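Please keep the coordinates open while reading.

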Amino acid sequence: MTKTLLLAALVAAVPAAAQDRAGGDLDRGVPSVDASPEVLGAYLRLGEDGKDLAKLVEHLHKRIKGGDSVLGLDQALGAADARFTKQGGADSIQKSLLFNGREAREGLKEAYSMLKDYAEKLGKVKELERAADGRLKGVHSALADAASRIKKADDEVRRYADGMQVSEPASAGGDPQAGQLSALEPQEQELADIKEMLDLCKDALNELDGKLDGIDALKAKVERHGEKAGMLDKGAGAVLSVSLTGKGSQAAGGTSKDIIADSLATMKRAADLGKKVRGVMQGIVERTALSAEKAREADKALTEAKGKSLAALAGAEERHQEFPALRAEWDNNPQEAEARAGKLKSQTQGEGAAAAAAGAAAGAQAAAAKAAGATCACAKNKATKAVGEPAKLESLKKLGELALNTPVQDGSAPVGGASSKRLDTTKMKSLLKSASFDGRRR
């Protein structure tokens with residue numbers, strides 16, 4: 001996999017509490033990827049409200065834009081704006097409401113964009129780590145197979161050596177292709193691709209570090225507008241839910257105060273969960289990277305062991321070929337034949353023992369590499385569940401600027417009550433010019 005393709009793969013919450021029940025809060029550090037499902041679940045607080053990171057971000061979008069029976073600030077302000085326009089303008093309270101709502105929306109929009117980008121990148125990291133982990137499992141299988149084949153070859157060398165004698169029973173030979181070592185391919189390129197994938201994951205996670213720190217400032221900004229919205233909702237704000245429902249009573253969660261309050265809670269939960277998932281994902285990526293690095297070392301060791309086993313097996317077969325002649329010589333000169341056979345056997349045993357030791361050590365390295373990444377399945381499952389499906393966020397409508405028809409931006413809207421109408425002063429002037437004070441025309 002090329003670096004360009006890998007880069008393309010990447011470019012493309014829950015209420016706060018003083019302490020977690022079993023996992024510790026952010027200040028106490030992220031649980032180890034070897035932690036129990038209970039500890040990891042408590043740290044991430046999964047299942048508390050059924051919303052993962054992607055769903056929280058999606059809910060924030062709905063609270064701004066509206067959708068799926070969820071009242072949004074855009075809908076509320078748009079409905080109020082339409083009513084103000086229809087009645088002939090906005091009074092000072094209504095203008096203030098619209099200004100306040102628009103400012104709150106800007107803060108929510110900025111928070112949403114920040115959280116959406118964070119969730120999508122975290123989702124890419126999750127997908128890329130999962131892909132790297134899947135390929136690494138294939139490498140581990142290949143390394144285990146290589147270790148098994150090398151052992152078969154080494155065992156065959158030992159059988160060659162055991163049969164190297166000129167007295168009965170004579171050397172019976174063996175299988176010069178034992179283990180089919182020539183078919184083994186090094187995993188160097190596959191491991192290089194996996195390393196690149198995991199390096200990209202690390203880079204993305206490092207980039208996300210601190211990205212949500214600005215949420216607190218945005219939350220404080222929106223909170224101020226939320227408090228003001230609470231006062232305004234007592235008067236002109238009632239029009240928000242009434243306009244949306246077409247009824248004379250307010251809809252549940254339909255006032256700007258309710259919408260902003262729920263949006264703030266969603267922001268907080270999403271930010272908290274995002275930071276925590278990032279911490280767990282960082283541990284997972286580091287663990288997978290450690291396993292991959294150990295696999296690289298094991299692959300190198302197995303490649304060297306394969307070479308020793310091939311040489312030992314070839315040497316054993318070559319020496320085996322001398323025994324028919326030695327057998328014939330043994331009938332005439334048994335002492336010299338026995339001495340020659342002993343040297344051949346000793347040489348085969350020495351090469352075989354060296355090859356077997358190298359193969360056993362390399363096989364142990366391969367097993368350790370696999371074990372290094374095999375203990376964090378729980379963390380991967382929990383992180384996957386907590387992230388959700390950020391890819392679905394790409395289909396959400398873009399949050400542009402909020403367009404209001406009421407001329408509030410330049411302050412040109414007339415001031416008056418809800419029942420006031422625009423007065424045509426031109427017509428007034430015309431009537432005054434053509435009439436006397438007693439009503440008679442001049």
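The largest pocket has a volume of about 290 Å³. A pocket here is an open set of points on a 1 Å grid over the protein atoms alone, with protein on both sides within 12 Å along at least five of seven lines, and a cavity is a set of points where a 1.4 Å probe fits but cannot get out; lining residues have an atom within 4 Å of a point. Grid points are joined across faces, edges and corners, and a volume is the space filled by probe spheres set on the points. The model is predicted: local features need pLDDT of at least 70, side-chain atom pairs count only at pLDDT 80 or more, and totals for chains, interfaces and linings use all residues. Residues are numbered from 1 along each chain as its sequence is written, and side-chain values use heavy atoms, with hydrogens and water left out.

Lining the largest pocket are 15 residues, and Leu 191, Lys 195, Ala 292, Glu 293 and Arg 296 lie nearest its centre. Two or more lining residues come from each of α6 (188-208) and α9 (256-320); helices are DSSP runs of H or I with at least four residues, and strands are runs of E with at least two, numbered from the N terminus. By class, this lining has 8 charged, 6 nonpolar and 1 polar residues. Nonpolar covers Ala, Val, Leu, Ile, Met, Phe, Trp, Tyr, Cys and Pro, charged covers Asp, Glu, Lys and Arg, and the others, Gly among them, count as polar.

The second largest pocket has a volume of about 220 Å³. Its lining has 15 residues, of which Leu 136, Lys 137, His 140, Ser 141 and Lys 370 lie nearest the centre. The elements giving two or more residues to this lining are α5 (92-162) and α11 (334-372), and α5 gives the most, with 8 residues. The lining divides into 7 nonpolar, 5 polar and 3 charged residues.

The largest cavity has a volume of about 40 Å³. Glu 120, Gly 123, Lys 124, Glu 127, Pro 390, Ala 391 and Glu 394 line this cavity, and by class they are 4 charged, 2 nonpolar and 1 polar.

The largest nonpolar core has 99 residues, and those touching the most other members are Leu 115, Leu 122, Ile 194, Met 267, Val 277, Met 281 and Leu 302. Such a core is a set of buried Ala, Val, Leu, Ile, Met, Phe, Trp, Tyr and Cys residues joined through side-chain atoms within 4.5 Å; buried means under 20% relative accessible area, exposed over 50%, and partly exposed in between (1.4 Å probe, protein chains only). Beyond four places in sequence, the contacts of Met 267 (heavy atoms within 4.5 Å) include Leu 60, Leu 108, Leu 115 and Ile 215. Ser 263 belongs to helix α9 and is buried, because its relative accessibility is 0%.

Val 33 sits in the loop between α1 (3-11) and α2 (37-44). Val 33 counts as buried because its relative accessible area is 9%. Its contacts beyond four places in sequence are Val 280, Gly 283, Ile 284, Arg 287, Thr 375, Cys 376 and Ala 379. Thr 375 is 342 residues from Val 33 in sequence, yet the C-alpha to C-alpha distance is 7.7 Å.

Helix α4 (residues 73-86) has 14 residues and reaches 20 Å from first C-alpha to last, close to the 20 Å expected at 1.5 Å a residue; the expected span is 1.5 Å times one less than the number of residues. Buried residues of α4 include Leu 73, Asp 74, Asp 81 and Phe 84. After α4 comes Gly 88, with a positive phi near 105 degrees.
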